[in-house]
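Okay, everyone, let me put the next one up on the screen. I'll talk through one site, then the ligand shell, then a strand.

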Amino acid sequence: NHGYIEVVIGPMYSGKSEELIRRIKRAEIAKQNIVVFKPRIDDRYSKEDVVSHSGDSVGAIPINKANEIYNYIDEKTQVVGIDEVQFFDEEIINIAINLADKGIRVIAAGLDMDFKGEPFGPTPKLLAVAEFVDKIQAICSVCGQPATRSQRLINGEPARYDDPIIQVGAVESYEARCRKCHVVYRDKK
Ligand code: ADP
Ligand code: ZN
């Protein structure tokens with residue numbers, strides 16, 4: 001059997017988790033041997049599932065480091081799913097290659113860009129080595145056009161380029177936006 005790497009990318013709310021879940025559910029129907037992973041930092045809804053914003057879910061193993069994937073793989077494994085792949089260390093790229101070389105179908109989903117519109121973590125390199133890449137869009141929350149970017153808001157205002165990731169007492173939120181409506185302030189307040 002032939003292994004390969006599939007990647008699903010796009011901004012927040014574009015349906016990456018939905019698409020990953022759809023592919024995993026179809027692999028389940030095909031009676032494939034499947035393991036799904038997610039970074040432990042993402043526990044927005046559930047610690048043991050990949051959950052989309054619309055409520056679909058599939059069981060997943062939360063892990064801290066990419067290398068832990070090997071603890072759950074054996075000769076029977078046919079499909080490996082990875083959600084929020086941007087949060088993993090760079091080792092995830094070698095692991096995906098290694099699994100695909102072993103004949104495993106690797107399906108990874110994650111953000112291609114951070115809130116600044118810059119390439120996010122290991123995702124860009126994973127795209128480069130993948131057989132299949134699907135870049136999907138959300139709906140821009142400002143103008144309704146296809147959204148490719150994740151807008152970071154702090155207390156309802158667009159974040160600045162150098163705003164720290166965690167701000168005490170601030171309300172942080174994200175929405176999907178197109179290139180035109182996406183704002184990142186580059187100067188100080
Ligand atoms: P992702 O994993 O890319 O963040 P999800 O798969 O979790 O996306 O959620 C996608 C779902 O989010 C859509 O099917 C839709 O129901 C909902 N949604 C909420 N806001 C938006 C938006 N601005 N654009 C598109 N879908 C949205
Ligand atoms: Zn827009």
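So, first: Glu-84 counts as buried, because it has 22 C-beta neighbours inside 10 Å. The cut-offs: buried is 20 or more other C-beta atoms within 10 Å of a residue's own, exposed is 12 or fewer, partly exposed is in between, and C-beta atoms are placed from the backbone.

Quick caveats: this is a predicted model, where local features need pLDDT of at least 70 and side-chain atom pairs count only at pLDDT 80 or more, while totals for chains, interfaces and linings use all residues. Residues are numbered from 1 along each chain as its sequence is written, and chains are lettered from A and ligands numbered from 1 in the order in which they are written.

Back to Glu-84: an unreviewed UniProt entry puts the feature "active site" there. UniProt positions are in the numbering used here, feature names are shortened, and annotations may be inferred rather than shown by experiment. Glu-84 sits in the loop between β6 (79-82) and α2 (91-101). Helices here are DSSP runs of H or I, at least four residues, and strands are runs of E, at least two, numbered from the N terminus.

Now, β7, residues 105-111: seven of its seven residues are buried. It pairs parallel with β1 (residues 4-10) over seven bridges; pairing takes at least two DSSP bridges. Ile-9 is opposite Gly-110 in β7. β6 also runs parallel to β7, joined by four bridges.

What does α1 give to the shell around ligand 1? Three residues, the most of any contributor.
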